[in-house]
Amino acid sequence: SKHNPVARAISDMFKTDRWNAFTLFLEDGRVRLTNNAAERALRGIALGRKSWLFVGSERGGDRAAFMYSLIATARINDIAPQAWRADVRDKLPNTTASRVPDLLPWNWQTSQRQLAA
């Protein structure tokens, strides 16, 4: 039926002003057919939204945002967040304030290589 939502979506796709945008991925290999990668990246944020309502206070919310940022940064730098966090938790009590930047995710892997060498 032409009134079916899927049929409407298909007919909208064939309109002249949308066809060029739809077929752009055929002309430029950098354009993705789907946005699944972006949706997967945002999935954790969407799932945690209700949990973040119960952080207890503004200070708790600030700490949760800080930790979430560090965990996401570790993932971006191809570091296992749990391993990084465990190692930092063990090293932090014996680390001077001037050496704390060495424990951040983007420096952590480098410092591990230096220790192994």
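**Exercise 1. Overall form**

What radius of gyration does the chain have, and what would a compact globule of 117 residues have?

Solution. The model is a predicted one, and the values that follow were computed from it. A compact globule of 117 residues would have a radius of gyration near 13 Å, whereas the chain has 23 Å. As a next step, take the C-alpha trace, which spans about 70 × 40 × 20 Å along the principal axes of the chain.

**Exercise 2. Elements and contacts**

Determine which elements the chain contains and in what order they run.

Solution. Counting the elements gives 7 helices and 0 strands, so that the order from the N terminus reads α-α-α-α-α-α-α. Turning to contacts with a separation of 6 or more, residues 24 or more positions apart account for 32% of them.

**Exercise 3. Burial and the nonpolar core**

Work out what share of the chain is buried, and name the residues of the largest nonpolar core.

Solution. Taking buried to mean under 20% relative accessible area, one finds that 12% of the 117 residues are buried. The largest nonpolar core has 7 residues, namely Leu-70, Ala-74, Ile-79, Trp-84, Val-88, Leu-103 and Trp-108. Two or more residues of this core come from each of α5 (58-76) and α6 (81-91).

Conventions. Residues are numbered from 1 along each chain as its sequence is written. This is a predicted model: local features need pLDDT of at least 70, side-chain atom pairs count only at pLDDT 80 or more; totals for chains, interfaces and linings use all residues. Side-chain values use heavy atoms; hydrogens and water are left out. Helices (H or I, at least four residues) and strands (E, at least two) are DSSP runs, numbered from the N terminus. The radius of gyration is taken over C-alpha atoms; the globule rule is 2.2 Å times the number of residues to the power 0.38. Buried means under 20% relative accessible area, exposed over 50%, partly exposed in between (1.4 Å probe, protein chains only). Contact means heavy atoms within 4.5 Å. A nonpolar core is a set of buried Ala, Val, Leu, Ile, Met, Phe, Trp, Tyr and Cys residues joined through side-chain atoms within 4.5 Å.
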